[in-house]
Amino acid sequence: MRETESLTLIANRQASIRSLYDKHASMLLGYIFEIVKNQKLAEEYLVKVFCDIAQHFNEIDWDDTNNWCQLKRLAQNKLNQLMDSGRVASDLKNMGLQNPGSHESHTRYPDYFTEEQYHIFYSVYYYGKSVEAISKELNKTEESIRKTLKEAFAIMRKSCEN
């Protein structure tokens with residue numbers, strides 16, 4: 001990130017948050033929607049993300065990377081917290097909707113996946129976890145995680161051909 005951009009962000013906190021929202025909220029909303037698959041819920045979570053940003057604005061290292069990457073990472077962390085706590089499923093149930101994990105497009109492949117392929121694929125694709133984090137979580141090498149992920153993609157490609 002340019003030095004002047006980060007200094008400007010820190011200098012005027014309220015205007016900075018507004019500027020971040022104006023520039024990136026629509027993309028961030030689309031990102032969140034792709035995970036939760038519900039517009040109203042995505043909008044609610046977008047508000048939660050920006051509330052967290054406002055509360056912790058001075059603690060965030062805005063020099064770390066560009067603003068979009070920083071916002072996406074913050075949203076990803078918030079969504080991981082909500083999903084791990086069961087909040088997303090609960091919110092969708094309260095709205096009379098399905099959990100995104102039970103959405104038709106998400107359940108097409110698990111019949112073909114092993115339990116490990118399912119866990120690794122969904123951890124990477126839907127929860128945004130890194131291969132390194134999954135390897136530590138499962139106590140396996142990064143190479144074996146990559147291999148399993150490649151197998152999952154091969155299964156998906158093969159099932160699309162049929």
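Modeller: Of the 162 residues in the protein chain, 35% are buried, where buried means under 20% relative accessible area, exposed over 50%, and partly exposed in between (1.4 Å probe, protein chains only). This is a predicted model, in which local features need pLDDT of at least 70 and side-chain atom pairs count only at pLDDT 80 or more, while totals for chains, interfaces and linings use all residues. Residues are numbered from 1 along each chain as its sequence is written, and side-chain values use heavy atoms, with hydrogens and water left out.

The protein chain has 9 helices and 0 strands; both are DSSP runs numbered from the N terminus, helices being H or I with at least four residues and strands E with at least two. The protein chain exposes about 10,000 Å², and 50% of that comes from carbon and sulfur atoms; the areas are from the Shrake-Rupley method with a 1.4 Å probe, and for residues only the protein chains shown count as cover. Among contacts (heavy atoms within 4.5 Å) with a separation of 6 or more, 61% join residues 24 or more positions apart.

A polar atom of the T148 side chain lies 2.9 Å from the backbone oxygen of S144. A polar contact is a pair of N or O atoms within 3.5 Å; within protein, one must be able to donate a hydrogen and the other to accept it, and residues adjacent in sequence count only if both atoms are side-chain atoms. Setting aside neighbours within four places in sequence, T148 is in contact with E116, Q117 and I120.

A search of the whole structure finds 3 aromatic pairs. In one of them, the ring centres of F121 and F153 are 5.5 Å apart and the planes stand at 80°, so the pair is edge-to-face. The F121–F153 pair links distant parts of the chain, as F121 is in helix 7 (residues 115–125) and F153 in helix 9, 32 residues apart. Rings of Phe, Tyr and Trp (its six-membered ring) pair if their centres lie within 6.5 Å; planes under 30 degrees apart count as stacked, over 60 as edge-to-face and the rest as tilted. F121 is buried at 5% relative accessibility, whereas F153 is partly exposed at 36%. F113, F121 and F153 form one aromatic cluster.

R146 forms a salt bridge with E142, with the closest N and O atoms 3.3 Å apart; the term means a side-chain nitrogen of Lys or Arg within 4 Å of a carboxyl oxygen of Asp or Glu. Side chains of opposite charge can pair when their charged atoms come close.

The whole structure has 7 salt bridges. Another joins E132 and K136 (3.4 Å, N to O), which are 4 residues apart in helix 8, residues 131–138, and thus separated by about one helical turn. Here E132 is partly exposed at 41%, while K136 is exposed at 62%. E137 pairs with K129 in a salt bridge at 3.1 Å between the closest N and O atoms; E137 is partly exposed at 42%, and K129 is partly exposed at 27%.
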